[in-house]
Amino acid sequence: MRRKLPLILAALLPLLSSCIVVHSPGPWDVPEPPWEEPGPDEPAAAIEAHDQLYAVLWMQASVEYGAVCRTSYDRAQVALDAALSDPNWTAALEQRGLGNLPVKTAVIMDIDETVLDNSPHQAQLILDGRPFDAAFWRKWVLRGEAGSVPGALEFIRYAERRGVSVIFVTNRDAETPGDRNSPQERATRRNLEALGLSLPEDEDTLLLRNEVQGWGSDKGSRRVLVAQSYRILLLVGDDLGDFMSAIRTTPEDRAAKAAEHKEMWGRGWIMLPNAIYGSWEGALYGYERNLSDVQILNEKRARLRGTGN
Ligand SMILES: [Mg+2]
C-alpha cells in the first residue's frame, strides 16, 4: 500500500492542480499603463521621453545595474594583471603586429557612462518631456558635477597602483578644432578631480574629439597616438566604438564585427552596460539624421523581434 501511494498521488495530481491558482509574476501581471499611448499628433518629445524611461530608471534605481558595472570592473582588474604579465599582449587592434611594443603601459578608458554617470542629465530630459539637445548636454558637461559609474574609481586607482597610465579617450567635444584646453576639457578634468582622481600635469591624458585636427568621433586615430608611447593593456568603454573603428554600420555588420573578436571580450575589452544611448541606437535607423522622430520610432519598432502571432 505504501508503495502505491505515490502512484495514487500522481493520478490525482492533474485534478489537484486544476484547483490551484498558480500565480507567477510575468508580463500578464503588469497593470494597465497609467499613461495614454501617444497619438500620431502628439509632440515627438513625449514619445522620445517615454522611449527612455525604463533605461534611465534601470541605471539610476536598480541594484542590478551597479552589480553589472562592478562585475565588469572586477573582471578588468583580473584582465589587467594578465595583460601586464605578457609583454607581447596588446588590447588595441591598431597595435597588433607592430613588433616591439612600448615598455610603458596604459589602459584606454572612455568617459561617459564608463567613468562618469550622466544619468541625471538624461533623467532631466524625461522630466522636462523633451528630447536630447546639444546645448543642454554642453551645459551639463560644463557643470562638471557628474558622479561616477560603480567600480570605475576603484579600478583606476588599482591600475595606477600597478604603474599603469590611464588615458581617457572621449567624444566630449573640444568644439574648436585644435583647442587642447577647451571648456569641456577643463570641466571634465575638474569633474574627475572632484571625484578624487588626479590627472598628470605634464601629459595630456584626456583626449577629446576635435582637440587635434582629424580627431573625429571614430576613436581609432587617438588609439593610434596612444599606441606610439604605450603598450595598451585594456580598452574600457560602453560602446562598440570604444574598441574598434568603423562601427557606424548596420546592426548585422556590428554583430559580425563583435563576434570576429569575441576572444577579446572580458580579456582586453571590458564593456560597461548602457541601455540609454550609444552607436547601437543610431544603427537601428542607419544614423539617418533627417528622419522625423516618428519615423525613427517606426524604424525601431520594425527591429523588434516578436513571436509572430
Ligand atoms: Mg561612453
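Trainee: Between which two helices does the loop that holds Tyr 287 lie?

Mentor: Tyr 287 has its place in the loop between helix H10 (279-283) and helix H11 (293-302). Helices (H or I, at least four residues) and strands (E, at least two) are DSSP runs, numbered from the N terminus. Before we go further, please note that this is a predicted model, in which local features need pLDDT of at least 70, side-chain atom pairs count only at pLDDT 80 or more, and totals for chains, interfaces and linings use all residues. Residues are numbered from 1 along each chain as its sequence is written, and side-chain values use heavy atoms, with hydrogens and water left out.

Tyr 287 is not a glycine, yet its phi is positive, near 55°. With a relative accessible area of 12%, Tyr 287 is buried; the term buried means under 20% relative accessible area, exposed means over 50%, and partly exposed lies in between (1.4 Å probe, protein chains only). Ala 246, however, is partly exposed, at 48% relative accessible area, and its place is in the loop between S6 and H9.

The magnesium ion has as its protein donors Asp 110 (OD), Asp 112 (O) and Asp 238 (OD), which lie 2.1 Å from the ion. Donors are N, O and S atoms within 2.8 Å of the metal (3.2 Å for Na, K and Ca), and water is not among the atoms, so sites may look incomplete. Along the chain, the donors of the magnesium ion are spaced as D-x1-D-x125-D. Asp 112 lies in the loop between strand S1 (105-109) and strand S2 (116-117), and Asp 238 in the loop between strand S6 (231-237) and helix H9 (251-260), so this pair ties together parts that are 126 residues apart in sequence. Asp 112 counts as buried at 10% relative accessibility, and Asp 238 is likewise buried, with a relative accessible area of 10%.

Let us turn to S6 and the sheet. Of the 7 residues of S6, 7 are buried. S1 and S6 run parallel and are joined by 5 bridges. Val 107 has Leu 234 of S6 as its bridge partner, and Ile 108 has Leu 235 of S6. S6 is also joined to strand S7 (residues 269-271) by 3 bridges, again in parallel; here Gly 237 is partnered by Met 271 of S7. Two strands pair if DSSP finds at least two bridges between them. Altogether, 5 strands form an open sheet with parallel pairing, in the order S5-S4-S1-S6-S7. Its edge strands, each pairing on one side only, are strand S5 (206-209) and S7. From one strand to the next, the twist averages 20°. H7 packs on this sheet and touches S4 and S5, its direction making about 140° with that of S5.

Arg 180 is found in the loop between strand S4 (165-173) and helix H7 (183-194). At 38% relative accessibility, Arg 180 counts as partly exposed. Its contacts (heavy atoms within 4.5 Å), leaving aside neighbours within four places in sequence, are Glu 185, Asp 204, Leu 207, Glu 211, Val 212 and Trp 215. Arg 180 and Glu 211 are 31 residues apart in sequence, but 5.1 Å apart in space, C-alpha to C-alpha.

A pair of helices deserves attention as well. The axes of helix H3 (residues 63-84) and helix H6 (residues 152-161) come within 9 Å and cross at roughly 10°. That makes H3 roughly parallel to H6. Axes are lines fitted to C-alpha atoms, for helices over the stretch in contact, and angles run from 0 to 180 degrees between N-to-C directions; those under 35 degrees count as roughly parallel, over 145 as roughly antiparallel, 65 to 115 as roughly perpendicular and the rest as oblique. Among the contact residues are Tyr 73 and Leu 80 of H3 and Phe 155 and Tyr 158 of H6.

Finally, the chain as a whole. The protein chain has 11 helices and 7 strands, and buried residues make up 40% of its 309 residues. Of the contacts between residues at least 6 apart in sequence, 75% join residues at least 24 apart.
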